[in-house]
Amino acid sequence: MLVELELKKGEILRIVGPARVDVLSGSLLAVGAVYRKGESFVVHSLRSYGIKALEDTKIRATLGEGASVEEPSEGEEVIDDWVNVAKSVHEDPRKIKKVIIIGPVESGKTTLTAFIANYMMERGSKVCVIEGDVGQEDLAVPGTLSLALPSRKFLWLRELKCEKVRFVGCISPSHAQCQLHVLAALRELIEEAENLKCDTIVVNTDGWVSSKQALDFKVSIIRWLRPTHVITLSNDIYNTMRAVLGHNSFTVVLKARSPVKVKERSRDERRRLRAEAYRKYFSEGSKTVNLRLGEVGLISSCVLGGQRISIDEAITLCPSLESVRGKVLFASLYGQYLNVVLSDGPHNITCRENEDQSYIINAVRRNDLSGYLVGILDEEGKDVALGIIEDVDFSNNVIKVRTPYNGKISALVVGRIKLSPDYEDTGRVLRCGI
Ligand SMILES: Nc1ncnc2c1ncn2[C@@H]1O[C@H](COP(=O)(O)OP(=O)(O)O)[C@@H](O)[C@H]1O
Ligand SMILES: [Mg+2]
């Protein structure tokens, strides 16, 4: 359906996708960017945005199924509030702006990240955007953090090209291990942004904010990233961050209102979107590469990255393995774990009481190893791509990994994400990883 609308200067509308908006005359503000006569933008079917006419403006909206143009009721739209927030960031006299966005799930974090980026770009700033939300697929894929250097205005992070990526291997920041990797990856991406000479760095974060642990994590991010601004999308988080940072802090805490959520994604929809992102990543020119077990580095991998021992040594340490001797393909030691990979068969082997109990037996099947998402490090140990472990052939000592990366691989980083053949990331992960 096509509609032509005339907006008076200052008038605000809400566009619910899927829709395309063409500016026929005048100019308007959408997600912090100015769209002028002859320009257009597309609102994805899962998104909605507020727009504001900067002068008398005529638009043509092409509306897809389920799309609409709505007149928000008084005070419902947040666009003016967000302009004020963006303005205070812009007017801060410090040369480099490092902005962290914090808010609950679906509170507008991703949109506000784009808003600040566009607003600052419009004013001549070189902007880096860092996607720090591990569960998101907007830039790169879930389980990674990434950096983009937008060259023109945009509505959604999905429109941007991912410039740098760091594999963190988890999608839930509530795990302590995940937080460790997220924090380190964020620090590195900030460094990348500084090397790229960005004078505005906008960092999006995950929506885990409602518990003490969640707040501790966000406070740690602030502590170690030292942002010039933290923009909060809830009163509660605003008040907490003010209390945490005090009044004379280097970091200015700002409050932005949350938009009325028109398009909410269900749990299933989120899972489907994540699967789509993995599928897209691996369907574009990926192939299987063979890496030598024993030569390639295996970081964060308890089983494959452990000290390899012979099957006889494993049986000496845990004689009850004798009963499955013929099935043991591989054995290794890692900390308190004695890992064995079996061709098939039981999972729940324990050492008998009179045996040396200093090791915990971690028995996994060969099949359990496939499907794990891995980060790929190049010869300098830098994150360059992602892969999926397809199989480990222990008789030839070969790890088969599917990846779009063509260069030399020095190590794999194994995380806690296991993909099904349909790219669903809800598979059960082994106790101590693989
Ligand atoms: N000004 C707005 N008016 C109406 N809906 C909005 C507005 N800004 C964002 N939205 C919609 O709200 C939903 C949540 O926004 P998003 O930025 O993805 O939040 P988060 O990143 O916190 O999960 C999205 O569907 C988005 O399109
Ligand atoms: Mg988001």
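These questions and answers concern helix packing and one histidine in a predicted model. Local features need pLDDT of at least 70 and side-chain atom pairs pLDDT 80 or more, while totals for chains, interfaces and linings use all residues. Residues are numbered from 1 along each chain as its sequence is written, and side-chain values use heavy atoms, with hydrogens and water left out.

Colleague: Is α3 roughly parallel or oblique to α4?

Modeller: Helices here are DSSP runs (H or I, at least four residues), numbered from the N terminus. Helix α3 (residues 176-195) and helix α4 (residues 212-225) pack at about 30 degrees, axes 10 Å apart. Angles under 35 degrees count as roughly parallel, so α3 to α4 is roughly parallel.

Colleague: Which residues of α4 make the contact with α3?

Modeller: Contact means heavy atoms within 4.5 Å. From α3 come Gln179, Val182, Leu183, Leu186, Arg187 and Ile190. The α4 side is Phe217, Ser220, Ile221, Trp224 and Leu225.

Colleague: Which residues of α5 meet α4?

Modeller: α4 and helix α5 (residues 235-245) pack at an angle of about 55 degrees, with axes 12 Å apart. α4 contributes Leu215, Lys218, Val219 and Ile222 to the contact. The α5 residues are Thr240, Met241, Val244 and Leu245.

Colleague: Is His229 buried or exposed?

Modeller: His229 lies in strand β15 (residues 229-232), strands being DSSP runs (E, at least two residues). Beyond neighbours within four places in sequence, contacts of His229 include Asp92, Lys98 and Thr251. Buried means under 20% relative accessible area, exposed over 50% and partly exposed in between (1.4 Å probe, protein chains only). With a relative accessible area of 1%, His229 is buried.

Terms used
Chains lettered and ligands numbered in written order. Axes fitted to C-alpha atoms, helices over the stretch in contact; angles between N-to-C directions. Parallel < 35°, antiparallel > 145°, perpendicular 65-115°, else oblique.
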